[in-house]
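The stops below go from the whole chain to single residues.

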Amino acid sequence: MSLGPAGASLNPEQVENFEDMEKQFAVKAVQHMATYWSILEKMKGSQLRLTKIDDEILEHFQKAFPELDVKETIDEEKMKSKEGKERWREFMTAYEKKIDDYNFGTMLRANPNFEYGEKETIFAMRMQFYAIEIARNRQGLNDWVFEQAQK
């Protein structure tokens, strides 16, 4: 369904059903979250590749966000502030033609030491998820999920 050209005003009478769209979106985001967790339970994150260009994404992420320590809890307010959104938008745009659904919404754990949960989960864009989770995986921060699943 097309909502019209970018910047066009939205006529609510012409929009089919946002509620159904939101439900479908939520289902896809939860499926992505569950699939990722299931993979982490079957394989150490440090051995996992999330995309064909993990190295490129990681290098770009480290240059664009040198202050972001993926071992620590993500400051959601800072990430979603006006400046944060601008920085992330610039980062993500580089992947528009390289990564499918690069700007699709997904769930991201705020801290790598916890499972997904209501208070531990941030709504993020797919490229934010990839950048942060690739960095966490390279540092072995998600390996505990596999180890815990093997007990």
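Start with the whole chain: among contacts (heavy atoms within 4.5 Å) between residues at least 6 apart in sequence, 68% join residues at least 24 apart. This is a predicted model, in which local features need pLDDT of at least 70 and side-chain atom pairs count only at pLDDT 80 or more, while totals for chains, interfaces and linings use all residues. Residues are numbered from 1 along each chain as its sequence is written, and side-chain values use heavy atoms, with hydrogens and water left out.

Colour by secondary structure. The chain has six helices and two strands, taken as DSSP runs numbered from the N terminus (helices H or I, at least four residues; strands E, at least two). From the N terminus, their order is α-α-α-α-β-β-α-α. Of the 151 residues in the chain, 36% are buried (under 20% relative accessible area; exposed is over 50%, partly exposed in between; 1.4 Å probe, protein chains only).

Next, select residues 54–64, helix H2, and residues 82–93, helix H4. Their axes come within 11 Å and cross at roughly 155°; axes are lines fitted to C-alpha atoms, for helices over the stretch in contact, and angles run from 0 to 180 degrees between N-to-C directions. H2 and H4 are therefore roughly antiparallel (over 145 degrees; under 35 is roughly parallel, 65 to 115 roughly perpendicular, the rest oblique).

Show side chains at this contact. From H2, Ile 57, His 60, Phe 61 and Ala 64 meet Arg 87, Trp 88 and Phe 91 of H4. By class, the contact of H2 with H4 has five nonpolar, one polar and one charged residues (nonpolar: Ala, Val, Leu, Ile, Met, Phe, Trp, Tyr, Cys and Pro; charged: Asp, Glu, Lys and Arg; polar: the others, Gly among them).

Stay on H2 and pick Asp 54, Ile 57, Leu 58 and Phe 61, which are buried. Seen down the axis of H2, the buried residues fall within an arc of 95°, so they line one face of the helix; the arc is that of the directions from the helix axis to the C-beta atoms. Their cover includes H4 and helix H5 (126–138).

Move to Asp 101, in the loop between H4 and strand S1 (105–109). Its phi is near 55°, a positive value in a residue other than glycine. Asp 101 is partly exposed, at 34% relative accessibility.

Finish at Asp 143 in helix H6 (residues 143–149). Asp 143 is buried, with a relative accessible area of 11%. Leaving aside neighbours within four places in sequence, Asp 143 contacts Lys 44, Gly 45 and Ser 46. A C-alpha distance of 7.5 Å separates Asp 143 from Leu 40, 103 residues apart along the chain.
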